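Trainee: Can we go through this one together? I'd like to know what to look at.

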Amino acid sequence: MYFEYAYFMPTTRLAAIMFTDIVGYTAMMQKNRESAMATVKEFEGVLKNQITSHDGKLLQTYGDGSLSIFESASAAVNCAKSIQEKIRVKIPLRIGIHLGEITIDGKHTFGDGVNIASRVESMGIAGAVLVSDSIRQQVKNNPEFQLESLGKFAFKNVAEPMTVYGLANEGFVLPKPEQMKGKGKRASLSARSLVKLASLGFGAMLLGAVLVWQLGLGISSEGRLLSKDIREAKVAVNVFENFTGDDDLEALGYMASEWISSGLRELQIRTVSNETVRKNKESIGILPDNPKNIPSFAEITGAEYLVTGSYFLKGDSIVLNTSLSSAIDGEEITTFDDLRGHKDHKEKLIQEALDYMMGYWAARKDGYERKITPPKYEAYKVFMDCLPLDTDCILKALALDPSFLSARVGLLNAAAYEGKDSIYNSNIAFVKENLSKTTVRDRFSYDWTSNARANNYKVAVQAMKGMYELDRDDPDVIHYYASATLYALNKPQLAVEIY
């Protein structure tokens, strides 16, 4: 993770790193934008004043949060304590602090210390100040700070579990175990610890049983499944936000959204179409019953839950952050583990994200098998900008990746519509042979085009109905399905009902 930085020359140094984040900021914005903006302004005023007072450096503010560094652990904790004391009644803020190395390279700040501080902050709740063990070791003899252990947590890319502490001074809140839902998992006993317990008299049989559990041999894949209510609800996958500063990587956010959505549809999860998500991006975050009576994203699309994500660069790697929240009240349900892949292997990263997210909606033993695979990134980038019937543009995408099946299906549609029989005939065999590897939507699209072209209108309309069943709130599909019902089947009453 790295952030804009303009205070120091390139160097690596040890620092106390502090992250802050306003809890529920998105919901605040939707309820009253002016009030939320005033809250942020007040927060930034207190933040800058206190950081300066404690000899810190504010590196970055990003709407509802901030990143800063301090020369000492005690200065960082004192600053966090003062900030919370001044605003905790009015502003729901959580703070996380870690002592670690940061690397400052030109305009960017990055390093494991930054990542760990961010993860510690994510485990908190409004009104809390959480610190890592490295901070606690520095301030444990300071009577001004009462720190209470909240348990050990395993953080991604951190070799060993880390104890997280909460500031327990009067007036400060400590999160309960069930409230700590950030970017970390409560650590279980290590195999070495279990061996030690066994030597104290727990017995070889118990040790063996626990070791099997510890190694994952007895864990059902259902252990990480989302609740049944969530898995049976309608979900939308938002376009991931690009925090890399590289415009060439902008299409990656669309690619992640589209392929995760397609994977969930393979599991028969009710999913908002990518087209509908893109058209209503500005409505994401607007909640039902908002003061201005603006139609919410949930009301427009029928989504009950929303997958959101972002990505940034760390060296030569792209790191994906993903979370799940309620589209109804904005409450965050869970934050998923970060995923990382080399920037030259974007397709592999998208495939890993696809498999990873599918695993939260279906257990491996359910027998699902991922068949769809993302195309080459450069081909997707071209295809994303193609108009639906632009055969020349689609052919350019296929020149970059001839196996790009969504582009192949799109080419069939365009060629059939424009009467370009040679293009249609040269592609139909490849699509038919690989039809099982296309997305659910592409399969319906192929059935519609091929049957309509062969004058099998009843079958074609059934294919369009299948596309409609994927997302009954997609206005484009509603239009096509109703039109097909009217003109191909001559059923005006049914067409009206569909509309």
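What follows is a talk about a helix, some strands and a pocket.

Mentor: Before we start, this is a predicted model, where local features need pLDDT of at least 70, side-chain atom pairs count only at pLDDT 80 or more, and totals for chains, interfaces and linings use all residues. Residues are numbered from 1 along each chain as its sequence is written, and side-chain values use heavy atoms, with hydrogens and water left out.

Trainee: Fine. How many residues does H2 have, and how far does it reach?

Mentor: Helix H2, residues 33-53, has 21 residues and spans 30 Å from its first C-alpha to its last. That is close to the 30 Å expected at 1.5 Å a residue, where the expected span is 1.5 Å times one less than the number of residues. Helices here are DSSP runs of H or I with at least four residues, strands are runs of E with at least two, and both are numbered from the N terminus.

Trainee: Which residues of H2 are buried?

Mentor: Ala36, Thr39, Val40, Phe43, Val46, Leu47, Gln50 and Ile51. Buried means under 20% relative accessible area, exposed means over 50%, and partly exposed is in between, with a 1.4 Å probe and protein chains only.

Trainee: Why do they end up on the same side of H2?

Mentor: Because they cover an arc of only 135 degrees around the axis, taking the directions from the helix axis to the C-beta atoms. As background, an α-helix has 3.6 residues a turn, so residues three or four places apart point the same way. On the face of H2 turned away from the buried side are the exposed residues Lys41 and Thr52.

Trainee: And the ends of H2?

Mentor: At the start, a side-chain oxygen of asparagine 32 comes to within 3.3 Å of the backbone nitrogen of glutamate 34. Aspartate 55 has a positive phi of about 60 degrees although it is not a glycine.

Trainee: Is aspartate 55 buried or exposed?

Mentor: Exposed, with a relative accessible area of 63%. Glutamine 268, in the loop between H9 and H10, has a positive phi of about 65 degrees and is not a glycine either. Glutamine 268 is exposed too, at 75%.

Trainee: Switching to strands. How many residues of E14 are buried?

Mentor: Ten of its ten. Ser317, Val319, Asn321, Ser323 and Ser325 point one way, while Ile318, Leu320, Thr322, Leu324 and Ser326 point the other way. In general, side chains in a regular strand alternate between the two faces of the sheet.

Trainee: What does E14 pair with?

Mentor: Two strands pair if DSSP finds at least two bridges between them. Strand E13 (residues 305-314) is antiparallel to E14, with ten bridges, and threonine 308 stands opposite serine 323. Strand E16 (residues 339-342) is also antiparallel to E14, over four bridges, and there valine 319 faces arginine 340. Strand E15 (residues 332-335) runs antiparallel to E14 with three bridges, and serine 325 is opposite glutamate 332.

Trainee: What sits in the turns?

Mentor: The E13 and E14 hairpin has two residues between the strands, and glycine 315 in that turn has a positive phi of about 65 degrees. The E14 and E15 hairpin has five residues between them, with glycine 330 at a positive phi of about 80 degrees.

Trainee: What is the volume of the second largest pocket?

Mentor: About 1500 Å³. Of the 41 residues lining that pocket, the closest to its centre are Pro388, Asn413, Arg441, Ser445 and Tyr480.

Trainee: Which helix gives the most to that lining?

Mentor: H17, with eight residues. Helix H9 (250-266) and helix H10 (274-279) are among the elements giving two or more.

Conventions
A polar contact is a pair of N or O atoms within 3.5 Å; within protein, one must be able to donate a hydrogen and the other to accept it, and residues adjacent in sequence count only if both atoms are side-chain atoms. On a 1 Å grid over the protein atoms alone, a cavity is a set of points where a 1.4 Å probe fits but cannot get out, and a pocket is an open set with protein on both sides within 12 Å along at least five of seven lines; lining residues have an atom within 4 Å of a point. Grid points are joined across faces, edges and corners, and a volume is the space filled by probe spheres set on the points.
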